[in-house]
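Subject: Structure handover

Hi,

Here is the structure for your files. Please open it alongside this email.

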Amino acid sequence: MSLAIVEMLLWIGFGLVLWAMRDDLMQTESELRRSNLFPSSPGRRPDGSEPSQPQRVADPIGQYRGRTIHEYALIDGRHYRFAHVWPNQPPGRLARNQRWVAPGLVYVECPAHDRPA
């Protein structure tokens, strides 16, 4: 067999392996999205029109519209710290690291050293 034929067969085999890996990864991603372990949007629509629901809150620091403002919140498995009040409902476009909690509280993802114990 000629060297060119061997090389062509190896490239075809390599392509088939890559195609199989891609197909398997696409199927795994689809299953994760269906089971909500890998949500497409973490707790809100891209326009921020739906409020996030904290799973856990800590350190009350005040009140706004009859609701307690907590300094820290756990939202979708990530830690956030209170940033500011947003009186407009729903808020405008939020940054990727921000979450809106009703009645108009904006939380920003906090670094590891700011997280509550």
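Below is what was found in it, from the whole chain down to single residues.

**Ground rules**

This is a predicted model: local features need pLDDT of at least 70, side-chain atom pairs count only at pLDDT 80 or more, and totals for chains, interfaces and linings use all residues. Residues are numbered from 1 along each chain as its sequence is written, and side-chain values use heavy atoms, with hydrogens and water left out.

**The chain as a whole**

The chain has one helix and five strands. Their order from the N terminus is α-β-β-β-β-β. Helices (H or I, at least four residues) and strands (E, at least two) are DSSP runs, numbered from the N terminus.

Of the 117 residues, 21% are buried. Buried means under 20% relative accessible area, exposed means over 50%, and partly exposed is in between (1.4 Å probe, protein chains only). The accessible surface is about 8,400 Å². Carbon and sulfur atoms hold 58% of that surface. Areas come from the Shrake-Rupley method with a 1.4 Å probe; for residues, only the protein chains shown count as cover.

Now the contacts (heavy atoms within 4.5 Å). Take those with a separation of 6 or more: 42% of them join residues 24 or more positions apart.

**The sheet**

The five strands form an open sheet. The order is β1-β2-β3-β5-β4, and the pairing is antiparallel. Two strands pair if DSSP finds at least two bridges between them. Neighbouring strands are turned by 35 degrees against each other on average, direction ignored. The axes behind that angle are lines fitted to C-alpha atoms, for helices over the stretch in contact; angles run from 0 to 180 degrees between N-to-C directions.

Look at β3 (residues 78–85) and β5 (residues 105–109). These two run antiparallel, joined by five bridges. Valine 85 sits opposite leucine 105 in β5.

**Salt bridges**

There are two salt bridges in the structure. The criterion is a side-chain nitrogen of Lys or Arg within 4 Å of a carboxyl oxygen of Asp or Glu.

- Arginine 81 pairs with glutamate 71 at 2.5 Å, N to O. Arginine 81 is in β3 and glutamate 71 in β2 (residues 67–75), ten residues apart. Arginine 81 is partly exposed, at 28% relative accessibility.
- Glutamate 109 pairs with arginine 78 at 3.6 Å, N to O. Glutamate 109 is in β5 and arginine 78 in β3, 31 residues apart. Both are partly exposed: glutamate 109 has a relative accessible area of 25%, and arginine 78 is at 45%.

**A buried histidine**

Histidine 70 lies in strand β2. Its relative accessible area is 18%, so histidine 70 counts as buried. Leaving out residues up to four places away in sequence, histidine 70 touches Val57, Ala58, Asp59, Pro60, Ile61, Phe82 and Tyr107.

**The nonpolar patch**

Met1, Leu3, Ile5, Val6, Met8, Leu9, Leu10, Ile12 and Leu16 make a nonpolar surface patch of about 980 Å². Patches use residues with over 30% relative accessible area and no salt bridge: like charges are joined within 9 Å, nonpolar side chains (Val, Leu, Ile, Met, Phe, Trp, Tyr) within 5 Å. Methionine 1 lies in the segment before α1 (3–34). At 83% relative accessibility, methionine 1 is exposed.

Best wishes
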